[in-house]
Amino acid sequence: MNENLELLQYLYQSSEMGVLALTNLLKELNDKENKLKKIISDELTIYEKYFKESKKILKKNKGKIKSNSLMSKIMSKQGIKKEVNDDNSDASIAHMLIQGLTMGVVDIETKIKNFGDKADKEITKIATDYLKFQQDEIEKLKKYL
């Protein structure tokens, strides 16, 4: 697989998981009084933007659009449900989100380092913007710990 397609595929799957996880989290928090709902909703909107954009560019470059496995989607949904049922405080939710975002930061930094100089500048810019978005979200969420 070429560097462009691999970087785009990662962005697609990562943003897809972000959309799925945050959608499920908002459903779990629906009847609860969490201050984080607005931040989560805004974050979801940005993940949706990256999801649509990476899908569009993958199609344009005739890349294969490969979604996350059904098992990883189910495990994410069940993990969120368990975490919220165990402790739905803003601090606990922020901690959970920071953990997920941190894994994403490490992964995208590795991809950029491995492919950034070989991939198209437009795609590398999207990946770098995605990294910055995740880092910024971590900083926003730290206030709730």
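Let's start with α1 and α2. Their axes cross at roughly 150°. Angles over 145 degrees count as roughly antiparallel, so α1 and α2 are roughly antiparallel to each other. Keep in mind that this is a predicted model. The two axes come within 8 Å. The crossing is left-handed. What does the contact of α1 with α2 consist of, by class? It divides into 15 nonpolar, seven polar and five charged residues.

Next pair: α4 and α5. Helix α5 covers residues 121–142, and α4 covers 90–115. Here the axes come within 9 Å and cross at roughly 155°. That angle is also over the 145-degree cut-off, so α4 and α5 are roughly antiparallel to each other. The handedness is left again: α4 passes α5 in a left-handed crossing.

Now the residues. On the α4 side, the contact includes A94, L97, I98, L101, V105, I108 and I112. T102, G104 and E109 of α4 take part too. On the α5 side, look for A127, T128, Y130, L131 and Q134. Further along α5 come Q135, E137, I138, L141 and K142. By class, that contact has 12 nonpolar, five polar and three charged residues.

Helix α1 spans residues 3–28, and helix α3 spans 70–86. Their axes come within 10 Å and cross at roughly 35°. Which hand does this crossing have, left or right? α1 passes α3 in a right-handed crossing. From α1, the residues are E16, M17, L20, A21, N24, L25 and E28. They meet S72, K73, S76, K77, I80, K81, V84 and N85 in α3. The class count here is six nonpolar, four polar and five charged residues.

Last item: the largest pocket. How much space lies in it? About 650 Å³. The lining has 23 residues, and the closest to the pocket centre are M17, A21, G100, L101 and M103. Which elements give two or more residues to the lining? Those are α1, α2, α3 and α4. By class, the lining has 11 nonpolar, 10 polar and two charged residues.

Some of these names have come up before. M17 and A21 line the pocket, and both belong to the α1 contact with α3. L101 lines the pocket, and L101 also sits in the α4 contact with α5.

Definitions and conventions:
Residues numbered from 1 in each chain as written. Predicted model: local features only at pLDDT ≥ 70, side-chain atom pairs only at ≥ 80, totals over all residues. Heavy atoms only, no water. Axes fitted to C-alpha atoms, helices over the stretch in contact; angles between N-to-C directions. Helix = DSSP H or I, 4+ residues; strand = E, 2+ residues; numbered from the N terminus. Left-handed = near helix turned anticlockwise from the far one by under 90°. Contact = heavy atoms within 4.5 Å. Nonpolar A, V, L, I, M, F, W, Y, C, P; charged D, E, K, R; others polar. 1 Å grid on protein atoms, 1.4 Å probe; cavity = no way out; pocket = protein on both sides within 12 Å on 5 of 7 lines; lining within 4 Å. Points joined across faces, edges and corners; volume = space filled by probe spheres on them. Parallel < 35°, antiparallel > 145°, perpendicular 65-115°, else oblique.
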